[in-house]
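Hi,

Here is the structure I promised to pass on.

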Amino acid sequence: MLGPVRAWRDGIELDPGPPQQRAMLGLLLVRAGRSVTLGEIVDVLWGKNPPASAVNVVHRYVGMLRRLLEPALAVREEGRWLIRDSGGYRLDVGPDEVDLLSFRQLTEEARRRQVGGEPGAALKLLTEALALWRGPAATGIPAEVRAHPVFTALDREQLTGVQEAADLALCQGAADQVLGQLGETAARHPLDEPVQARLVLALAAAGRQAEALETWQAVRSRLADELGTDPGPELRAAQRQILSQQVTPAAVRTSSERAAPAPEAPHTTAPPTQLPPDLAVFAGRRADLARGLALLPEDGRSPKTVIIGAISGMGGIGKSTLAVHLAHQIAHRFPDGQLYVNLRGFDPSGSVVDAGEAVRGFVQALGVPPHRIPAGLDAQTALYRSLLADRRVLIVLDNARDAEHVRPLLPGGPGCLVVITSRDRLFGLIVAEGAHPLALDLLSADEARETLVRRLGADRVAAAPQAVEEIIAKCAGLPLALAVVAARATAHPRLPLTAIAGELRVADGSLDAFAGSDPAGDVRAVFSWSYRVLSPDAARLFRLLAVHPGPDIAVPAAAGIVGMPAEQTRRLLTELIGAHLLTESSPGRYACHDLLRAYAAELAHAHDSETERRAAAHRVFDHYLRTAHAAGRLFSPYWRATTLPAAQPGVAAEFFEDDRQALAWFNREHLVLMSVIDQTVRDGFDTHAWQLAWTLERFFDRQGHWHDLLTVQRDGLAAAVRAGHRTAQAHLHRGLARASARSGHYDDANAHVRRALRLFTELGDRSGLAHTHRSHGWILDQQGRYEEALDEAGRALDLYRASGDRAAEGSALHALGWTHALLGEHRHATVYFEQALAATDKNRNRYGAGGTLDSLGYAHHHLGDHSQAIACYEEALRLYRDIGDRYQEAGTLKRLGETYLATGDRGTTRTVWHQALAILNAADPLAAAEVRAKLRRLD
């Protein structure tokens, strides 16, 4: 596939036949291992105007390809390779048999190696993957077929791989390893600025500065002649780096510098690619899709203003499906990335994603770590719009509540396209922001029929025309209803469509009122028909999933809802997916359309008593609380945790082997946990609310989610007050003090500390007092009140020692040492750090030991004891890498570089700072800029 479409059998090249048949083979190879429906084959081969004989031609191609691959087959025999499957065909091949699959396997492994801190191995794998290409993908097939997105997307995969390889090579001083592939790709994409910028930098890094500048000038002329534009930010940045000699040619490096990587490529952060998968069986909506495509300039240039497309319509009408399909069609026009968020504006649980949460998510996707995001929606929006300035980004805002919901998410400058979906018509955006409205109607009968053809295959639809007409009439043009009906038919391929139409005919309810304002009741008949074929356990799980706040759920939590073992629950979830009542949004995580959630809630109220529903909610809240508690004890073993009551029967916490797994769980469940805490407050589970807030404080704080920390601690405190639990109130006042200080609200922080101290004193809780004095010392450090901070940390140390809390004692000793270091008393600081290290179990508290070793290295550095500083930093790095905390690792690498610089070892300094830069480019662009400035000064 990676070049001409070719095939071999036993080492002998085969003739795949005429171009159209070769194109069909190419399509099956692109979808290797997956079923390709007859409708999709026809669409790819002939587009909008297939001949009447298209299906017969496809069957003929299938027979010819089968005999080509397996000559011994009888005329009507299927054979081993090309298999009839789900109303279409599947080519059963793997990575060892298809170069495209080998390429994808190698690139995925390369990305895993890069994330795992093995850039050299990642580059080797990427260059091996790119070597499989023999020119543009799928050549030798008709040009109009090759223009289909299914084939053009392959060239984008190669383009992405070349850019990633170039970035890695530039960072490692290995530009010559990618120059050949980069040059060929740049020649095929003469107007692609990111590729041309990388070629320019690679030429300079390989010692060919004159050629690099000539290439830059040639690209500039092409852009002016063909597009009438000047070079964009990436090309301009590349030219500046060459002219200021920031790109060191590998050929002229000194021996002490050869281990150091070259300066990084122009992109400091990988562009976000957040779009959900496109629907493979998308059908109809040609006029709506054309209106969406017409929003962009025809000449391929960037929009001169922010363009907003507002897609509106009833629930289940296909707004999100159209928006995502449109976004995939035009994603290549936005090289700086695609952002996506489901705002859940009409979620039946009421768990709406507010604008602030969405902005913070986008800002993080654009490379800013959570702790660098300012407080307040206005400041966050300003940062978001600054990040989008001069960028070409596609933004999809799905399921908005109204115009005000999305206004903070609109970019301020040109070059971006925003696609919004909502049940609201968004008149405010149309009037004030000039949004282009696109109101979706129900599918026509022809579009509904096309939908069934794409999902079931043309033969099956053609075999029962009257049944198909009845199904179309009963579904009344609602895409979601058609999808559910098609799922039933697909799951039972031998069941005639006449039988399916009969089942739908006798279902309770009516679909006559689809034009009403509340379609949930109208589609009830289709949903109930699908629901009624479920096993009793699957039906119960579907109903009770309505108590979960979303946005998605993992198997262990679903098991908690129904009080069943995880493996049994996994089988039930698979049954729900087969009925199209649930989707697997990512491996092991499940979600459903909000209309289906509303229907599930309706069923739960009808079939499950309030006691049963509340018990299910209690179980799932127990699951998250107990799992968070187990994770927190690993993540921060010295921190005091709340005592949990016995769990409900059938509830089990997830098990973690170490703090690395605990942190990974928190990152996966972060958004769910926020929704769960909100739901516990709304449903009156106050004890769960304050216990979750208390338990999760350290996760939110250490991972920099300080806005969420503030929200959760406030909710938890309010719940503790309602519950009358004074110990919880004291701890949550202390947590709120830290959260307020993180946001720069020191008056609030000090007020909460005073309240916590008063409560702990009244309760006689010496451990709580110790933790609060420790937190107060940290807050005073942030304010530069060092003498007062020493007093508070000293009080905490005395209390910890009196209670025999050895682990917490190490934390207080570390705090005392750090305040002395801030005062410049580094000799005194090392004494405290050594004592803290002796009190810390490195196996149980790797995070605490890593922080103490880093601080000890800092003190030794300032005392001029550089060998000791290096040893401490290296040990801290080992611990941070074991945990998987890349941000702390980068901070230690920065300080380690300073120490190597102080010894005069500039080559190792450069190596270490480039290692830090490789992490910070993706994790914290602001900190990356600081390291980049250090490297410029070093050169």
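Below is what turned up in a sheet and in a pair of helices.

One thing before you dig in: this is a predicted model.

**The sheet**

Five strands make up an open sheet, and going across it you meet them in the order β7-β8-β9-β6-β10, with parallel pairing. The edges belong to β7 (338-342) and β10 (436-439); each has a single partner strand, so one side of each has no neighbour in the sheet. Ignoring direction, neighbouring strands here are turned by 15° against each other on average.

As a reminder, strands in a sheet pair through backbone hydrogen bonds, and the pairing can be parallel or antiparallel. Here is how it works out strand by strand:

- β8 (residues 394-400) runs parallel to β9, and five bridges join the two. If you want a place to start looking, L394 sits opposite L417 of β9.
- β6 (residues 307-312) is also parallel to β9, with six bridges between them.
- β6 and β10 are joined by four bridges and run parallel. Here G309 has H436 of β10 as its bridge partner.

There is a helix on this sheet too: α14 (residues 355-365) packs on it and touches β7 and β8, and the direction of α14 makes about 150° with that of β7.

**How buried is β9?**

Strand β9 covers residues 417-422, and six of the six are buried, so the strand is largely enclosed by the rest of the structure. In a regular strand, side chains alternate between the two faces of the sheet. For β9 both faces are covered: L417, V419 and T421 are buried on one side, and V418, I420 and S422 are buried on the other.

**The helix pair**

The crossing of α34 past α35 is left-handed.

Which residues of α34 and α35 meet? From α34 there are Y746, A749, N750, V753, A756, L757, F760 and T761, and from α35 there are G768, L769, T772, H773, H776, I779 and Q782. By type, the residues of this contact split into eight nonpolar and seven polar, with no charged ones.

Cheers

Terms used
Residues are numbered from 1 along each chain as its sequence is written. This is a predicted model: local features need pLDDT of at least 70, side-chain atom pairs count only at pLDDT 80 or more; totals for chains, interfaces and linings use all residues. Side-chain values use heavy atoms; hydrogens and water are left out. A crossing is left-handed if the near helix is turned anticlockwise from the far one by less than a right angle, and right-handed if clockwise. Contact means heavy atoms within 4.5 Å. Ala, Val, Leu, Ile, Met, Phe, Trp, Tyr, Cys and Pro count as nonpolar, Asp, Glu, Lys and Arg as charged, and the others, Gly among them, as polar. Buried means under 20% relative accessible area, exposed over 50%, partly exposed in between (1.4 Å probe, protein chains only). Two strands pair if DSSP finds at least two bridges between them. Axes are lines fitted to C-alpha atoms, for helices over the stretch in contact, and angles run from 0 to 180 degrees between N-to-C directions.
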